[in-house]
Amino acid sequence: MDQISAMLKRAMPFQMASEELLDDIAAQSRLKSYAPGQMIYDRGDVADFVHIVSKGAVLHELRVGESETDIARVMRPGDVFGWAAVLEGERRRLARTTAQEATEVIQIDGETLMSLIRREPAAGDVIMSRFATMITREFDAPESVAARVPHLLTKTQGDGVGSGWALTAFRIAQWLRSPKPYLMVAGFAFMLAFWYLTVEVWKLPRFRDMPGLTRVVHEFLSRNPTYGLSIWTPEYYQHIWASVRRVTIAFVIATALGVPLGLFLGWSERFREYVFPVFETLRPIPVLAWVPLAILMFTGSETPVIFLTFLASFFATALNTMLGVESIDESYSRAAYCLGASKWQVFREVVVPGAMPFIFTGLQISVGVAWFSLVAGEMVSGEFGLGYVINTSYTMVRYPTIVIGMATLGAVGYATSAVVRLAGDYLMQWRVRELALGGR
């Protein structure tokens, strides 16, 4: 068992699999020995097992189509062959394999392997992608053969449900099996219990004047709220929509300007020498310090709020993008130049993809600070919005409404950060595929 697990970790298709999945595959595998010169399988045989060389050497002679020329390859320990067992359609051997010396191979039933990896669609898709890469790169087989390798995340399942839903269901199931949701619930329960006890039960000096939990919940759920704001009032959703719209506009503008600026700051040393000192001088200035200038520069009540929201988001996006470019190993750019790539090609094919992880990290930070600066802007200039609700509720001594505004702000802010994170995961799927295609 341990020998099989260790060999699976060495084999190219399974290097990205989880320990649990490897153990399950190992438990369903078996070892088989062959004498020198003994045939393991011949062309046209039913493809039932995937094989991994454990000891010895195997001569693999592949013939595809009507060609009479064999593509011969000697398989050593850790090499995988017999991949026809996982192809879609009729599974017949395309090669003749013979043990060149006393040989021991690991055999994995193809159907069993597919059923195991379908339990983990994300890892399974990586395994299948590596099989497809191995077929064309290591065995020089045509693309038409590699195209028969199933990809769990790009095809629909037999029950008519898209595999995207299968992946979502898998992730939800994994999340529910982990301690994360229960720790999260425990954390919120602790916070609410602390609030209730300090304000309503113990009435501690620094907390007794705060609105209590029961009072806030009653106000929030009331059809006739005392202070005019609850989940049943249209004004509540008008305030949410106003804030979401402002943050969205500011975030889009900050991304459109901040990402290119950060890319050029990290890529061009001369550009950085001109621009970065100015950038670093403006970045520490608090958003509230910009309020008078924002009111002077922009007319109306809406544009100054969007500008103030944009500022903090812009600086966070640009800075993280610049750091992402600086994190790229220079050897990649040098290699591209040596292969004849132009400066623009290096920027497009090396710099931008290499900075992507930092860019999306910066965007998650950016959308958070956008909400932070939005509240500051709405407190001084705005007619609707959650910041406006918090500020006016304080001046009018509507303390429960302050808490309602704060809680709503936190929930909506968390949701927008989650959306950015999901968008990043979707757009960064190439990283997983790149690992799958990266060979050893």
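Biologist: What is the order of the strands in the open sheet of 4 strands?

Modeller: Please keep in mind that this is a predicted model. The edge strands of the sheet are strand 2 (39–41) and strand 5 (71–75), each of which pairs on one side only, and the twist averages 25° from one strand to the next. The pairing is antiparallel, and the order is 2-7-4-5.

Biologist: Over how many bridges do strand 4 and strand 5 pair?

Modeller: Strands of a sheet pair through backbone hydrogen bonds, in either a parallel or an antiparallel sense. Strand 4 (residues 58–62) pairs with strand 5 in the antiparallel sense, and the number of bridges is 5.

Biologist: Turning to the aromatic side chains, is the pair of Phe14 and Phe131 stacked or edge-to-face?

Modeller: The structure holds 19 aromatic pairs. In the pair you ask about, the ring centres of Phe14 and Phe131 are 6.0 Å apart and the planes stand at 90°, and since an angle over 60 degrees is the criterion, the pair is edge-to-face.

Biologist: Which parts of the chain does that pair link, and how many residues apart are they?

Modeller: Both Phe14 and Phe131 are buried. Phe14 belongs to the loop between helix 1 (2–10) and helix 2 (19–27), while Phe131 belongs to helix 4 (residues 121–137), so that the pair links distant parts of the chain, with a separation of 117 residues.

Biologist: How are the rings of Phe264 and Trp267 arranged?

Modeller: These two residues are 3 apart in helix 9 (residues 234–267), which separates Phe264 and Trp267 by about one helical turn. Phe264, at 35% relative accessibility, counts as partly exposed, and Trp267, at 27%, counts as partly exposed too. With ring centres 6.2 Å apart and planes at 55°, the pair of Phe264 and Trp267 is tilted.

Biologist: Which residue lies over the face of Trp267?

Modeller: A charge over a ring is found elsewhere too, where the charged end of Arg73 sits over the ring of Phe139, 5.5 Å from its centre. For Trp267 the distance from the ring centre is 5.6 Å, and the residue is Lys343.

Biologist: What arc do the buried residues of helix 8 cover around the axis?

Modeller: The buried residues of helix 8 (residues 213–221) are Leu213, Val216 and Glu219. They lie on the same side of helix 8, because the arc they cover is only 135°.

Notes
Residues numbered from 1 in each chain as written. Predicted model: local features only at pLDDT ≥ 70, side-chain atom pairs only at ≥ 80, totals over all residues. Heavy atoms only, no water. Phe/Tyr/Trp six-rings, centres within 6.5 Å; stacked < 30°, edge-to-face > 60°. Buried < 20%, exposed > 50% of the residue type's maximum accessible area, 1.4 Å probe, protein only. Lys NZ or Arg CZ within 6 Å of the ring centre and 35° of its normal. Arc of directions from axis to C-beta. Pairing = 2+ DSSP bridges. Axes fitted to C-alpha atoms, helices over the stretch in contact; angles between N-to-C directions.
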